[in-house]
Amino acid sequence: MRVFKISASKVAWATDILAGKGKFCVESAEDQTTQFNGSEESPDFEAREEARLLTLVAGGDQHAFAALYRRRSRLIYSLLARMLIQETEAQEVMQDTFVQIWRRAAQFDSARSSPVAWMIMIARGLAVSRLRARSRRMTNHAMYEQELVSLEMEISGHHQIERDDLADACVSALNRLPEEQGRALQLAFFRGWTHEEIARAVGEPLGTVKARIRRGLLTLRKILKDYHG
Amino acid sequence: MVDIPSNEDAALRYVLGELNDTERREFESRLVVSVELRALVNELETGVVAVATASPRRRPPVEIWQRIEKAVAKEAKTKLKVPRFWFGWSRYGWATAAACLTGWLLYAFWANQRYASTLAQLKLSQREIVTANSTAPPIHDAVKSPASANTNIAFELLQSRTQEINELRGRIAQLETKTGQLLRSLAQQQSLLNESNRIKFYHLVSDSTANNNPNPPPLSPGLQRAVSTALARELGWLPTASQSVEQTGGNLSATPMTIAGVDFIDLRTGNNQQQVQSSIQSQNQLQLGQSAADNNTAAAQIQPQAQSQVDSQAQQPQSVAASQTASTSQPTIPAYVSGDNLVVALDSTVVPTGSSVVLTTYDANQNETGGSFILGNNPTVVTIPLSADGSTPVLTTGLGMVITFTSPAGQTGTYYFSQLSQSQTP
């Protein structure tokens with residue numbers, strides 16, 4: 001049986017609201033390392049809470065927005081840093097992402113997607129646009145190999161500031177995927193390569209590449225579901 | 001090759017952000033109504049979250065939040081803060097609608113009662129005034145009536161005007177919504193038409209028919225079958241090997257390839273310039289009324305003057321249309337544009353069987369493409385490049401296509417297709 005804990009961030013946020021502070025107080029929350037850790041809550045609770053926050057953000061509630069930032073900024077920043085590599089660019093896109101979340105919160109529909117997926121899609125969309133704007137990409141086999149090497153270097157080169165069991169589980173699941181499946185998925189997801197570009201680079205049929213990426217996503221989905229029990 | 005069903009493919013491309021704006025809007029409209037599609041997207045999105053989670057954890061610098069806070073604070077001033085109560089209500093559409101309706105009915109009932117009582121009061125006060133001073137006009141008296149009556153009248157007038165204004169505002173808002181929807185739909189249709197990889201269908205009606213008869217004749221069954229077979233071939237369901245172009249007596253003519261009872265003529269093969277020359281020569285001969293038997297031998301002896309006659313004819317199709325020598329009935333021809341090619345279907349309802357046919361297309365710069373062939377017993381599908389340099393789509397320039405034929409009996413005719421008739425359906 002799973003026991004749900006109330007995260008420290010929630011307490012901090014509630015205190016802020018009750019105190020009626022004008023500032024959002026994200027910094028103080030960060031200093032106390034009371035950031036949200038997604039693994040503490042069940043996915044359903046997490047989704048409901050974040051959907052509620054997005055509803056408040058849509059109504060112009062800046063405290064709710066700060067709470068949302070506390071909960072998801074680390075996940076989104078980690079993704080952007082991995083995708084864009086360059087720190088300054090990751091920071092710019094991070095800012096754009098949260099401004100977009102603020103503006104588009106009213107468009108969020110919990111019947112269509114989960115809040116975290118919706119936010120990740122916004123962040124990833126902006127990052128992919130940056131990647132594509134950087135240069136006209138040559139989608140040949142040499143570039144394919146080069147991108148794969150850079151992806152592997154990133155994984156081995158970075159040290160996590162904090163341990164995160166869920167992230168570890170996902171990394172190990174990604175590494176356990178069949179080689180071609182994992183490569184296609186990572187290139188599509190982290191580097192924004194289209195299915196056609198990958199198929200052209202590896203010289204394999206488009207359908208095969210699509211099927212690989214889809215299978216990879218579904219395998220990781222299972223890992224995430226199993227993790228949450 | 002492994003392939004995945006189209007719904008799953010679209011869902012995958014959606015979650016990976018590979019759909020263009022039009023595709024994404026279309027997909028999202030399907031997503032609203034399809035539970036199955038939502039489930040597919042949900043599965044893949046969970047996978048997306050898992051992949052994103054597989055990034056090494058990094059903490060964002062504090063300055064980022066400060067920048068976000070500043071950017072958002074500016075917008076927060078303009079963002080309407082909706083009270084939580086109403087926000088909660090807005091999420092339950094039916095309940096909100098029912099509450100609004102009830103409120104409106106109560107208001108209507110209340111307003112009606114007030115209106116009735118005000119009218120009764122007004123009539124009463126008028127009667128009193130008329131009784132007191134029967135020589136003065138009642139309206140004048142009403143204006144000079146006690147302050148309470150004046151207030152009621154003013155209130156009634158104000159209320160009715162406000163209602164009218166609100167109704168008008170509602171109508172304007174409805175019209176604006178409709179206009180917005182129509183504009184979006186139009187933009188979507190236009191973007192679809194501009195996509196070069198789509199097949200666009202045309203219902204070509206010759207100029208004289210289009211001008212004289214608003215209801216062009218229906219397509220013959222043979223023509224319908226020919227277009228269907230051509231499409232099947234286009235989609236790769238039938239063999240696609242092109243037929244040869246033979247040179248006979250200095251003139252180029254295409255030999256048909258027969259598939260499923262339909263002859264296929266490909267006028268793209270060979271040298272385009274030669275084909276144009278060939279078509280012009282043949283057309284020239286036909287216009288000069290020479291017999292089909294003389295065509296091949298006379299082709300090489302075309303004089304420059306005759307060439308210039310054809311050029312001027314090409315530029316003034318309407319005048320030549322009036323001088324056509326024979327025509328059974330003005331035809332309707334099915335056609336479609338696929339990539340850089342125009343595909344048209346002809347049969348004996350268009351030109352007599354055994355006729356020598358010259359088919360020429362023109363683009364905005366008067367560049368000509370085309371060629372000649374003999375119409376057999378089968379319906380015939382002809383593929384022609386859209387323009388000599390492949391750059392200008394013929395059918396959108398206002399010019400178009402000319403079909404000239406000479407039947408075995410010596411009957412000749414010319415059809416001009418300078419504008420599109422009916423709608424084009426992408």
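Colleague: Let us begin with a single residue. Where is the place of Ala260(B)?

Modeller: Please keep in mind throughout that this is a predicted model. Ala260(B) belongs to the loop that lies between strand E4 (257-259) and E5 of chain B.

Colleague: With which residues is Ala260(B) in contact, leaving aside its neighbours within four places in sequence?

Modeller: They are Thr229(B) and Leu238(B).

Colleague: Let us turn to strands. How many residues of strand E10 (residues 380-385) of chain B are buried?

Modeller: For a strand, one asks the burial question of every residue in turn. In E10(B), 6 of the 6 residues are buried, so the strand is largely enclosed by the rest of the structure.

Colleague: In which sense do strand E5 (residues 262-266) of chain B and E10(B) pair?

Modeller: Pairing is read from the bridges and from the direction of the strands. E5(B) and E10(B) pair in the parallel sense, over 4 bridges. To follow this pairing in the view, find Asp263(B), whose bridge partner in E10(B) is Thr380(B).

Colleague: How many bridges join strand E7 (residues 341-346) of chain B to E10(B)?

Modeller: There are 6 bridges, and E7(B) and E10(B) run antiparallel. Here Val344(B) stands opposite Val382(B) of E10(B).

Colleague: What do E6(B) and E7(B) form?

Modeller: They form a hairpin with 2 residues between the strands, and Gly339(B) in the turn has a positive phi of about 65°. E6(B) and E7(B) run antiparallel and are joined by 4 bridges, and Ser338(B) has Asn341(B) in E7(B) as its bridge partner. Strand E6 (residues 332-338) of chain B is mostly covered, with 6 of its 7 residues buried. E6(B) is also joined by 6 bridges to strand E1 (residues 200-205) of chain B, again in antiparallel fashion. In that pairing, Val205(B) stands opposite Thr332(B) of E6(B).

Colleague: How many helices and strands does chain B have?

Modeller: Chain B has 14 helices and 13 strands, whereas chain A has 11 helices and 0 strands. As for burial, 30% of the 426 residues of chain B count as buried, and in chain A buried residues make up 44% of 229.

Colleague: I now wish to read a pair of helices. At roughly what angle do the axes of helix H5 (residues 87-104) of chain A and helix H6 (residues 115-134) of chain A cross?

Modeller: One considers the approach of the axes, their angle and the hand of the crossing. The axes of H5(A) and H6(A) come within 9 Å and cross at roughly 135°. The two helices are therefore oblique to each other, and their crossing is right-handed. Among the residues that make the contact are Val93(A) and Ile101(A) of H5(A), and Ile122(A) and Leu126(A) of H6(A). By class, this contact has 7 nonpolar, 2 polar and 3 charged residues.

Colleague: At roughly what angle do the axes of H6(A) and helix H3 (residues 35-53) of chain B cross?

Modeller: They cross at roughly 65° and come within 9 Å. That makes H6(A) roughly perpendicular to H3(B). The crossing is left-handed. The contact is made by Val116(A), Ala117(A) and Ile120(A) of H6(A) together with Glu45(B), Val48(B), Val49(B) and Ala52(B) of H3(B). The classes here are 6 nonpolar, no polar and 1 charged.

Colleague: How many residues does the contact between the chains take from each of them?

Modeller: The contact takes 63 residues from chain A and 49 residues from chain B. On the side of chain A that touches chain B, H11(A) gives the most, with 12 residues. The residues on that side of chain A divide into 35 nonpolar, 17 polar and 11 charged.

Notes:
Residues are numbered from 1 along each chain as its sequence is written. Chains are lettered from A and ligands numbered from 1 in the order in which they are written. This is a predicted model: local features need pLDDT of at least 70, side-chain atom pairs count only at pLDDT 80 or more; totals for chains, interfaces and linings use all residues. Axes are lines fitted to C-alpha atoms, for helices over the stretch in contact, and angles run from 0 to 180 degrees between N-to-C directions. Angles under 35 degrees count as roughly parallel, over 145 as roughly antiparallel, 65 to 115 as roughly perpendicular and the rest as oblique. A crossing is left-handed if the near helix is turned anticlockwise from the far one by less than a right angle, and right-handed if clockwise. Two residues are in contact if their C-beta atoms, placed from the backbone, lie within 7 Å. Ala, Val, Leu, Ile, Met, Phe, Trp, Tyr, Cys and Pro count as nonpolar, Asp, Glu, Lys and Arg as charged, and the others, Gly among them, as polar. A residue is buried if 20 or more other C-beta atoms lie within 10 Å of its own, exposed if 12 or fewer, and partly exposed in between; C-beta atoms are placed from the backbone. Two strands pair if DSSP finds at least two bridges between them.
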